[in-house]
Amino acid sequence: MKKILSMGLALALSLAMLAGCTSGSGQKTADVNLEEFYQTIFTDPENTPAMMPLEGEMLEAFYPGLAEVELKQMVAYMPMITAVACEIVMVECANASDVDAVKEIFQARVDSQVGNHFNYPAVIEAWEKEVKVVSNGNYVALFLVSGMGDQVVENFNAAIEG
């Protein structure tokens, strides 16, 4: 009886240890539908900017090199009016080795907007002070959501970490 109990406890302990293990970076990430997450960002219809998807030539013009990265999914939106400081781009890289390249592409976008002296001063200031480029696992995001950046990043990370 003691042998059976000992073996049962050893098995339970082994299973508990295995349950704590994760593959890869040691960080467990959930599968997040980025389009669904985007839909949760603006909850107040009165203060939601008019956004349009960034696609094709426009996406390549603003984010050169992103089309060459193998992505599982991508969501990219910018405001219809250039006087509005808002832009959201989220991707899930197919390969962890591409995360840094995507972060560099996003940072290049930030740098180009800060240096664009044709922008409205408030827009340049927002790109300087409010933009967030974040990564979590294979997910990378650029958030420029005036006054909401920290909360959006917190929600993004919470969604990914499940």
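Q: What makes helix H2 and helix H6 count as meeting, and which residues are involved?
A: In this predicted model, Leu34, Phe37 and Ile41 of H2 meet Val152, Asn155, Phe156 and Ala159 of H6. The criterion for such a contact is heavy atoms within 4.5 Å.

Q: How is the packing of H2 and H6 described, in terms of angle and axes?
A: Helix H2 (residues 34–41) packs with helix H6 (residues 149–161) at an angle of about 145 degrees, and their axes are 11 Å apart. The angle is taken between N-to-C directions on a scale from 0 to 180 degrees. The crossing in which H2 passes H6 is right-handed.

Q: Why are the buried residues of H2 said to line one face of the helix?
A: The buried residues of H2 are Leu34, Phe37, Tyr38 and Ile41. Viewed down the H2 axis, these buried residues fall within an arc of 105 degrees, and therefore they line one face of the helix. An α-helix has 3.6 residues a turn, so residues three or four places apart point the same way. Glu36 and Gln39, on the other side of H2, are exposed. The buried residues pack against strand S1 (51–53), S2, S3, S5 and H6.

Q: What makes Asn33 a cap of H2?
A: A side-chain oxygen of Asn33 lies 3.0 Å from the backbone nitrogen of Glu35. The limit for a polar contact is 3.5 Å, and Asn33 caps the N-terminal end of H2.

Q: Why is Glu92 called buried?
A: The relative accessibility of Glu92 is 9%, and buried means under 20%. Glu92 therefore counts as buried.

Q: Which side chains form polar contacts with that of Glu92?
A: The side chain of Glu92, a residue of strand S3, is joined to that of Gln73 by a polar contact of 2.9 Å. Another polar contact, of 3.4 Å, joins the side chains of Glu92 and Tyr139. The cut-off for such a pair is 3.5 Å. Apart from neighbours within four places in sequence, Glu92 is in contact with Leu34, Leu71, Lys72, Gln73, Asn138 and Tyr139.

Q: Why is strand S3 described as largely enclosed by the rest of the structure?
A: Eight of the eight residues of S3 are buried, so the strand is largely enclosed by the rest of the structure. Cys86, Ile88, Met90 and Glu92 point one way, while Glu87, Val89, Val91 and Cys93 point the other way, and all are buried. In a regular strand the side chains alternate between the two faces of the sheet.

Q: How do you know that S3 pairs with S2 and with S5?
A: Pairing needs at least two bridges. Six bridges join strand S2 (residues 71–79) to S3, and seven join S3 to S5. S2 and S3 run antiparallel, as do S3 and S5. Leu71 stands opposite Cys93 in S3, and Val91 has Val140 in S5 as its bridge partner. S2 and S3 form a hairpin with six residues between them.

Q: Why are the buried residues of H5 said to line one face of that helix?
A: In H5 (residues 121–129), Val123, Ile124, Ala126 and Trp127 are buried. Seen down the H5 axis, its buried residues fall within an arc of 160 degrees, so they line one face. On the other side of H5, Pro121, Ala122, Glu128 and Lys129 are exposed. The buried residues of H5 pack against strand S3 (86–93), helix H4 (99–114) and strand S5 (139–145).

Technical notes. Residues numbered from 1 in each chain as written. Predicted model: local features only at pLDDT ≥ 70, side-chain atom pairs only at ≥ 80, totals over all residues. Heavy atoms only, no water. Buried < 20%, exposed > 50% of the residue type's maximum accessible area, 1.4 Å probe, protein only. Helix = DSSP H or I, 4+ residues; strand = E, 2+ residues; numbered from the N terminus. Arc of directions from axis to C-beta. Polar contact = N/O pair within 3.5 Å; in protein donor to acceptor, adjacent residues only side chain to side chain. Left-handed = near helix turned anticlockwise from the far one by under 90°.
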